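My notes are below the structure.

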Number of protein chains: 2
Amino acid sequence: MNTILMNDDIPANIQRQHEDVSPVDRARLTGQTPVVIWFTGLSGAGKSTIANCLERKLHAGGHHTMLLDGDNVRHGLNRDLGFTEQDRVENIRRIGEVAKLMTDAGLIVIAAFISPFRGDRELVRRLLAPGMFIEVFVNTSLDECERRDIKGLYSKARAGIIPHFTGISSPYEAPERPEIVLETSVATADECADTIVRYLHQSV
Amino acid sequence: MNTILMNDDIPANIQRQHEDVSPVDRARLTGQTPVVIWFTGLSGAGKSTIANCLERKLHAGGHHTMLLDGDNVRHGLNRDLGFTEQDRVENIRRIGEVAKLMTDAGLIVIAAFISPFRGDRELVRRLLAPGMFIEVFVNTSLDECERRDIKGLYSKARAGIIPHFTGISSPYEAPERPEIVLETSVATADECADTIVRYLHQSV
């Protein structure tokens, strides 16, 4: 240990980095490999349901997790953003940066957002080290999402009451090479979450 | 347990909240009380040095921590912001929201920012439950900070090269009732960090 660093009377910022707590140190304390599990898919595809189910399973297994979704981001950090294309890009950019900071804290981050643009998701992927970004495509068809229309948003979008609605009046760009594809028409949320848990055990 | 909640075939968002992993669940797993330890003070006051020293001590004690400072926020989440008054307000607002999300994840968050405006710091305090925001005023005088001028910023600010510089060309509003006041002229960074650790043991 460098003895100079033991002297706290030295001015700030001089080589102090050498002893700082690092992301590796924090991950070691959690005993897990920090990753970002990023759900993308249409509104109503089942992202939040599966994400919550996944977090319950990981938490029950003793993992340190954090779930980011519209509920805790849109009313706080991104409350100044609307739903124009520009604001949606900034929405995902900020969430990506927060997810990165949370992996630096040692957490397994679960993010559930429509995140319709391929380029935005790629930006988040590139913020992280290779293998740390796990893109989960919740592949529920527009027809099925619109049939469910759980929050009544599709009917409002069709009526023109909600503008810039993904799948109706704004594009959704499906992932080209997602790490995981989930088919909610043939698997329950519980089964979908198990698929992700298996992936984590095998690949992380 | 509500049996309806066990059926994963039900549409998303129907009462699923009841079984979601909560901030309380996440804090229980870390075995600690999540708080935000917020350092405020002039540039060069010693915030980062003490914050890093504090994180080392807490980490060594097995606590799950995350340090937010200019290094990991200004180049990422807040890279779109400058140093005008408006941008400084938004800078602190976003950091506060991220700190809140991190306490929801069960972490002890250490934030080290000049954060010159009283109102901004109060906004962060109000994001959190009572007792969760611990304001630490690093009370190093302007004269002393300028004498140290570790990064050469004060001379540049005096020369007008850096505009909006806190203490020179932009105001610093000292806290009126901070939880902790640190006097770096009479205590080392190590002693200052110990003061905070004692506060946490006694008050949190």
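The entries go from the conventions to the sheets, then to the helix pairs and the interface.

**Conventions.** I am working with a predicted model, in which local features need pLDDT of at least 70, side-chain atom pairs count only at pLDDT 80 or more, and totals for chains, interfaces and linings use all residues. Residues are numbered from 1 along each chain as its sequence is written, and chains are lettered from A and ligands numbered from 1 in the order in which they are written.

**Sheet of chain A.** I looked up the strand order and found an open sheet of five strands, 2-3-1-4-5, with parallel pairing. Strands here are DSSP runs of E with at least two residues, helices are runs of H or I with at least four, and both are numbered from the N terminus. Two strands pair if DSSP finds at least two bridges between them. Strand 2 (65-69) and strand 5 (180-182) of chain A are the edges, each pairing on one side only. From one strand to the next the twist averages 20 degrees. I then checked strand 1 (residues 36-40) of chain A, which runs parallel to strand 4 (residues 133-138) of chain A and is joined to it by five bridges. A:W38 has A:E135 of strand 4 as its bridge partner. Helix 8 (residues 189-203) of chain A packs on this sheet and touches strand 1, strand 4 and strand 5 of chain A. The direction of helix 8 makes about 170 degrees with that of strand 5 of chain A; angles run from 0 to 180 degrees between N-to-C directions, and axes are lines fitted to C-alpha atoms, for helices over the stretch in contact. Contact means that the C-beta atoms of two residues, placed from the backbone, lie within 7 Å.

**Helices 4 and 5 of chain A.** The axes of helix 4 (residues 85-104) and helix 5 (residues 118-127) of chain A come within 9 Å and cross at roughly 20 degrees. That makes helix 4 of chain A roughly parallel to helix 5 of chain A (angles under 35 degrees count as roughly parallel, over 145 as roughly antiparallel, 65 to 115 as roughly perpendicular and the rest as oblique). I listed the residues that meet: A:V89, A:I92, A:R93, A:G96, A:E97, A:A99 and A:K100 in helix 4, with A:D120, A:L123, A:V124 and A:L127 in helix 5.

**Helices 2 and 8 of chain B.** These two axes come within 8 Å and cross at roughly 55 degrees. Helix 2 of chain B and helix 8 of chain B are therefore oblique to each other. On the helix 2 side I find B:T49, B:I50, B:C53, B:L54 and B:K57 in the contact.

**Interface.** How many residues of chain B are in contact with chain A? I get 42 residues of chain B against 43 residues of chain A. Helix 4 of chain B gives the most to this side of chain B, with seven residues. The residues of that side divide into 13 nonpolar, 14 polar and 15 charged (Ala, Val, Leu, Ile, Met, Phe, Trp, Tyr, Cys and Pro count as nonpolar, Asp, Glu, Lys and Arg as charged, and the others, Gly among them, as polar).

**Symmetry.** A rotation of 180 degrees with 0.0 Å of shift along its axis superposes chain B on chain A, with RMSD 0.0 Å. That is the relation of a two-fold axis.

Conventions
Copies are superposed by least squares on the C-alpha atoms of residues with pLDDT of at least 70 in both.
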